[in-house]
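Have the model open while you read.

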Amino acid sequence: MQLHALYTNETLRERLVNTSLYLLLYLFGLNIILPFVSLEMLSYMPEANDESLAGLLHGINENTSSIHYVSILALGVSAYYSASIITAIIVPFLYRDKAGNEEAIRYLVKGLTFLFLISQASSYSQSLARWFFAPGAPSYAVYVTMIILVTGAFICMWIADQISAQGLMDGRICLLCIGFLRGFPSAFVTELSDKLIAGDLLQLGIELGIW
């Protein structure tokens with residue numbers, strides 16, 4: 001019945017197509033590698049026990065999911081989502097009536113997003129330069145990478161807004177879910193194999209039950 005409604009409802013079908021196309025564009029961007037990043041360096045994960053980028057990527061050698069962390073869209077929509085939440089909290093203190101102030105609220109969200117992105121892009125670029133830049137990369141490579149990361153994040157914002165306006169769901173939540181789900185299969189297989197090898201079937205059963 002629901003499939004029949006999807007087939008016969010032209011508006012719903014169009015929104016589903018739009019959502020799919022924008023998600024494909026997002027997934028395509030996740031596979032475009034940042035300049036100055038060496039794939040050879042990426043395949044060699046140095047030992048890292050901290051929460052640095054190298055620590056995040058350690059242990060997933062030769063796994064295509066690691067490519068997403070050094071793509072032009074690596075920052076995603078996390079800053080945009082955080083800025084939206086903060087704006088929703090402070091708007092009642094700034095404006096008594098939200099109606100009529102939509103434009104100002106949009107500028108506030110984008111301003112906060114830009115500030116968050118500058119901070120994220122700066123630390124992310126420095127981590128990339130330390131661990132994954134090709135030998136001999138120019139001194140300005142960090143600044144170019146920052147600009148590309150911020151631009152990529154604004155592209156993600158645009159995709160999220162288009163999904164919200166023309167698709168089936170909130171674009172920010174949609175892209176955040178895609179970001180989580182893209183690494184879930186490999187993480188699930190790794191966890192499953194580790195627990196089976198260790199013989200920890202009780203904990204495996206608990207985790208499977210929760211999932």
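Which residue lies over the face of tyrosine 80? That's arginine 172, at 5.7 Å from the ring centre; a charge sits over a ring if NZ of Lys or CZ of Arg is within 6 Å of the ring centre and within 35 degrees of the ring normal.

This is a predicted model, where local features need pLDDT of at least 70 and side-chain atom pairs pLDDT 80 or more, while totals for chains, interfaces and linings use all residues. Residues are numbered from 1 along each chain as its sequence is written, and side-chain values use heavy atoms, leaving out hydrogens and water.

Now the aromatics. The whole structure has 4 aromatic pairs (ring centres of Phe, Tyr or Trp, its six-membered ring, within 6.5 Å; planes under 30 degrees apart are stacked, over 60 edge-to-face, the rest tilted). Among them are these two:

| Pair | Centres | Planes | Type |
|---|---|---|---|
| Phe36 and Phe133 | 6.0 Å | 50° | tilted |
| Phe36 and Tyr140 | 6.4 Å | 80° | edge-to-face |

Ring pairs link Phe36, Phe133 and Tyr140 into a cluster. Phe36 is in the loop between helix 2 and helix 3, and Phe133 in the loop between helix 6 and helix 7, so their pair ties together parts 97 residues apart in sequence (helices are DSSP runs of H or I, at least four residues, numbered from the N terminus). Phe133 is buried at 9% relative accessible area, whereas Phe36 is partly exposed at 23% (buried is under 20%, exposed over 50%, partly exposed in between, with a 1.4 Å probe and protein chains only).

How values were computed
Helix = DSSP H or I, 4+ residues; strand = E, 2+ residues; numbered from the N terminus.
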